[in-house]
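Look at the structure below.

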Amino acid sequence: MKNTLTIALSKGRLAEQAIELLERAGYNCDAAKIKTRKLILEDEISGMRFIMAKPADVPTYVEYGAADIGVVGKDTLLEEGRQLYEVIDLGFGACSMCVCGPADLAGRLDQIANKRIGTKYPQIARDYFEIKKRESVEIIKLNGSVELAPLIGLADVIVDIVESGRTLEENGLTVLETIAPISARMVVNRVSMKMKADSINPLIQAVKNQLAEG
Amino acid sequence: MGQWQFHTPEGVMDYLPEECSLKRRLENKLRSVFNGRGYDEIETPGIEFYDVYAGSEEFTPQETLFKFFDHKGRILCLRYDGTVPAARIAATICRDVKPPLRFSYLGNMYRFNEAGGGRQREFTQGGLELMGLDTPEADAEMIAAAIESARELGIEDLQVSVGQVSFFKGLIEKWSLDDAAACQLQQMIDTRETVALDELVRQFGLSDTDQKILELMMNNDGSTTVIDSLLAIVDYEPCSDALNNLKSVLSVLEDYELMSYISIDLGMLQSINYYTGIIFKGFTYGLGFPLFSGGRYNGAVAAFGRDLSATGFSIGINFVMTALRRQGLIEQRKQDIVRLLYPDNLRKAAYTAADRWRRDGFRIVCEKISSENNIFPKNEGIVSDTSAESLESAFAGIENFESVIVIMEKQDKIRIYCKEC
């Protein structure tokens, strides 16, 4: 327990990019690259252990100390609101969290008294409208194809991540307000940062150096 | 019959004999540490008026209190911590007691938090409160007591981070930042979000030196040299006062010979409106949360109308149990129950013998011999008289036994069967 570093990765593209970055930073990640259905991949020589988790679960694993380090999108961090150290902006997976809706709502968003908001990110939507803008809103939690909601009258606007904006455009929607820029972050458990400082600090530094070299 | 008949609510648990006996052993050890340091135990009600906690909203957010109403419609809540009730007592019932006041507590607390990873909604916490002594020695006394408690409970691999929130408060004052800006900065430092540093420095119009200060606060190496590095570049009295106070506390901890456990973390900024000076947290392996935490909260008693400084700490028994379990440090409980079996005609003699043995500290269960319980272990029995000495000598050399069965043969004769593990 003392000598292994457990890293939780968000299954999919983010995990691949994280592994690539760690390798460039001089960490052997062969264990994590094996094509397998195993969810825990361990390299006994380097003492690294990788957990392949659903992105939304990564902050939970790290907060509870089941993993020391996690790589996860800022969108998930904002939504989950966990007590973590958020040490590095890894740069990849860049996009924005936005309020989107029909173009004719541009500049008139404040005029809708009781907004109905369709989103996969209820917490982010609540924080933005209730705390930042001090508006009461009705949140409708959806699990995908969020763009549908304003089109068929289920919601007035949506809160979602926007990468290229193509999906929005093809469905006649546009970005009304930007909530926050999003990218992948490296997060660290607050206890691990203290107890395993000898192995975590060098890792953070190596990744930072690698990012600076670009 | 409702569908929840077979369940317990989320975040609470049953303690079965093995766990419960471990918990009691830990609680007893903790009590003896507190007692040895001259702290008197108090017990406060499990139910308080909500108003008791409403004054410390930042430390006890209303959504984390278990609330309900009394018959007059007043809001009640379950005890959230040990400090606020102790502060209430110090300012009310004990208002005329000459300071310093030293209180200890050990009891169940209730928080409507997310449960998991060792965190419960009903959990047992012990702690100390030292009121009316605003000195570096008092702060160090709390840290030393917290470390002793953790070690006494079996946690040796321990790291204690010490910070000083007045340093950050001084910076806010010096840079004349409004609440929103202060909150942004606090969050950035507390989450070590170095990513946002450049942006905030620009936004608030801070200098290069200011940026250097923030970087030093967020550095993770824990070394005490950070204090001198900061003293060299900070030119604002409240900030340097805070750093010098931290240094004084460390010099006391040197005399306690505890510096090997200590690391400095000036970026610990949780509940900063509640804490007013030194703040500390203890960490160990296998537990995602701090094992203990504490610090100085000079406003806690003042909130109840008595001007009395205060410092303290609390340690979570459930956290200790989780950490011990994950570190493989739990000793197996010794089996120590003796079963005394008797035939019908010797019942009275059996009860008399059992009573005598119990007074000598044995744990005795008395049962009538029946077809269900007369399956004896194979070990050769030892026939003996019914004195406590002979019972003791029967299994004196045995470290662990699976069972001891005593059969009453005659008024003053017993046969002892002892089965080793």
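Q: How many salt bridges does the structure hold over all chains?
A: Side chains of opposite charge can pair when their charged atoms come close. A salt bridge here is a side-chain nitrogen of Lys or Arg within 4 Å of a carboxyl oxygen of Asp or Glu. Counted over all chains, the number of salt bridges is 40.

Q: What kind of model is this, and which pLDDT do side-chain atom pairs need?
A: Residues are numbered from 1 along each chain as its sequence is written, chains are lettered from A and ligands numbered from 1 in the order written, and side-chain values use heavy atoms, without hydrogens and water. This is a predicted model: totals for chains, interfaces and linings use all residues, local features need pLDDT of at least 70, and side-chain atom pairs need pLDDT 80 or more.

Q: Which helix holds both A:Arg24 and A:Glu20?
A: The two side chains meet in a salt bridge, 3.9 Å from N to O. A:Arg24 and A:Glu20 sit four residues apart, about one turn of the helix. Helices are DSSP runs of H or I, at least four residues, and strands are runs of E, at least two, numbered from the N terminus. The helix is α1 (residues 13–24) of chain A.

Q: Is B:Asp70 buried or exposed?
A: B:Asp70 forms a salt bridge with B:Arg74, with the closest N and O atoms 2.8 Å apart. Buried means under 20% relative accessible area, exposed over 50%, and partly exposed in between (1.4 Å probe, protein chains only). B:Arg74 has 37%, so B:Arg74 is partly exposed. B:Asp70 has 15%, so B:Asp70 counts as buried.

Q: What separates A:Arg126 and A:Glu130 along their helix?
A: Their side chains meet in a salt bridge at 2.9 Å, N to O. A:Arg126 is partly exposed at 30%, and A:Glu130 is partly exposed at 33%. Both lie in helix α5 (residues 122–132) of chain A, four residues apart, so the separation is about one helical turn.

Q: Which residue of chain B is linked in a network with A:Lys74, A:Glu86, A:Asp89 and A:Arg185?
A: The network is made of salt bridges. Four of its members are named in the question, and they carry the letter A. The one from chain B is B:Glu193.

Q: What radius of gyration does chain B have?
A: The radius is taken over C-alpha atoms, and the globule rule is 2.2 Å times the number of residues to the power 0.38. A compact globule of 421 residues would have a value near 22 Å. Chain B has 28 Å.
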